Amino acid sequence: MSGSGGWFRSNDNTAKTRVMMGGAFAGSLLLLTTSMVFSWPVGAGGADLTPAEEADLAFDSPAGSCLTWTPPDGTDMARVDCAKPHLFEVTSNVDISAEYPADAPPPDQTRWQDIAEQKCTPSATSYLGGKLDPYGRYRINALKPVDAKWLDGDRKVRCGLQRTAPSGSLIPVTGSAARQDQSNVHDPGTCLALEGQKIGDPIACDKAHAYEIVGTVNLGAVFQGEFPQETVQRERAIELCATITTEYTGGADLAAKGLTPYPDTLQQESWDAGSRKVDCKVGAKLPDGSGLAPVTNSVRGTPGTTPAPTPTSTPGG
């Protein structure tokens, strides 16, 4: 991370963003409502370019460009084809020079957060075809100019989309967000951590986890038109997921292993935004039924998979 910039996020505990972040990279950290504003030196790739030249090219990437990087400080950030895994997709470059003329000091952290939310939400929503699933795959984020660029007159906010895990860590995506279903589904074989009774980040399945994703189903194939009630969704999702779960587990007797299928359902806002897919999951209940029990190892045709030892009860559920 540049010494003149930082990664900013504002505090948010709402269900819609579903972003629970912790830790920091190399700079200050603040939790944002719908977006993160950061100012890393970025690279755009290309022959015979210096790191600074690569940084300038990537930082000024037009809408539709995709960026990726490896270390948290973003020193190897580069533009890539959106068909390849990436961490940021540019949706617009918004000029704020009318509010911040040449002699204006850079906004403070709180103001940057407001700018990112106000300036990036409309353009990102438009980029997605006019509908943003607040419970879906993508979060609205932004790149801001580092202090040196600000002093040189740079007044652009680079808006974009990213996918984040519950901790706030970034999840690579493939394909352009503009042409994808926004459903927040995972690849089969993904396991999600269990932190108390909250669902955490993807984790290796040989570690204690809450759920293992065994596949996804498209509820749009069975429900047409208006939003189906959650209970109706769940009933059909259980039916649709049964075959997928059997194939994934090799026909294992989940009940005998203390495991239970848990299909997801969609919220009204997700349905209205066009999301139709849900995860088929497998997990375990605590003995008293008060919540989830941690599970170790994959259920992908692996004999002997059992829930890890757990207390008889855990607060929450």
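User: Which residues does K281 touch, not counting those up to four places away in sequence?
Analyst: K281 touches Y211, E212, I213, V214, T260, P261, Y262 and D264, once residues up to four places away in sequence are set aside. Contact here means heavy atoms within 4.5 Å. The structure is a predicted model, in which local features need pLDDT of at least 70 and side-chain atom pairs count only at pLDDT 80 or more, while totals for chains, interfaces and linings use all residues. Residues are numbered from 1 along each chain as its sequence is written, and side-chain values use heavy atoms, with hydrogens and water left out.

User: Why is K281 called buried?
Analyst: The term buried means under 20% relative accessible area, exposed means over 50%, and partly exposed covers the range in between (1.4 Å probe, protein chains only). K281 has 10% relative accessibility, so the residue counts as buried. K281 belongs to strand 12, residues 277-285. Strands (E, at least two residues) and helices (H or I, at least four) are DSSP runs numbered from the N terminus.

User: What makes the charged end of K281 count as sitting over the ring of Y211?
Analyst: The requirement is that NZ of Lys or CZ of Arg be within 6 Å of the ring centre and within 35 degrees of the ring normal. The charged end of K281 sits over the ring of Y211 at 3.8 Å from its centre, a value that meets the distance limit. R155 likewise lies over the face of W150, 3.8 Å from the ring centre.

User: What makes the pair of K281 and D264 a polar contact?
Analyst: A polar contact is a pair of N or O atoms within 3.5 Å; within protein, one must be able to donate a hydrogen and the other to accept it, and residues adjacent in sequence count only if both atoms are side-chain atoms. The side chains of K281 and D264 make such a contact at 2.8 Å, so the distance meets the cut-off.

User: Where is T190, and is this residue buried or exposed?
Analyst: T190 lies in the loop between strand 7 and strand 8 (191-195). Its relative accessible area is 16%, so the residue is buried. A polar atom of the T190 side chain lies 2.8 Å from the backbone oxygen of D187. Beyond its neighbours within four places in sequence, T190 is in contact with P202, C205, Y211, E212 and I213.

User: Why is the aromatic pair of Y100 and W150 described as edge-to-face?
Analyst: Rings of Phe, Tyr and Trp (its six-membered ring) pair if their centres lie within 6.5 Å; planes under 30 degrees apart are stacked, over 60 edge-to-face, and the rest tilted. By this rule the count is four aromatic pairs. For Y100 and W150 the centres are 5.7 Å apart and the planes stand at 70 degrees, hence edge-to-face. Y100 lies in the loop between strand 5 (88-95) and helix 2 (109-127) and W150 in helix 3 (residues 147-151), so the pair ties together parts 50 residues apart in sequence. Both partners fall below the burial limit: Y100 has 13% relative accessibility and W150 has a relative accessible area of 1%. Ring pairs link Y100, W112 and W150 into a cluster.

User: How do you know that D60 and R158 meet in a salt bridge?
Analyst: A salt bridge is a side-chain nitrogen of Lys or Arg within 4 Å of a carboxyl oxygen of Asp or Glu. D60 lies in the loop between helix 1 (51-59) and strand 3 (66-68) and R158 in strand 7 (residues 156-162), so the pair ties together parts 98 residues apart in sequence. D60 is partly exposed, with a relative accessible area of 41%, whereas R158 is buried, at 1%.

User: What joins D60, D154 and R158 into one network?
Analyst: The side chains of D154 and R158 also meet in a salt bridge, at 3.0 Å, N to O. Salt bridges that share partners join D60, D154 and R158 into one network. The structure holds six salt bridges.

User: What makes K119 and E99 a salt bridge that links distant parts of the chain?
Analyst: The side chains of K119 and E99 meet at 2.7 Å, N to O. K119 is in helix 2 and E99 in the loop between strand 5 and helix 2, 20 residues apart. Each is partly exposed: K119 has a relative accessible area of 25% and E99 one of 40%.
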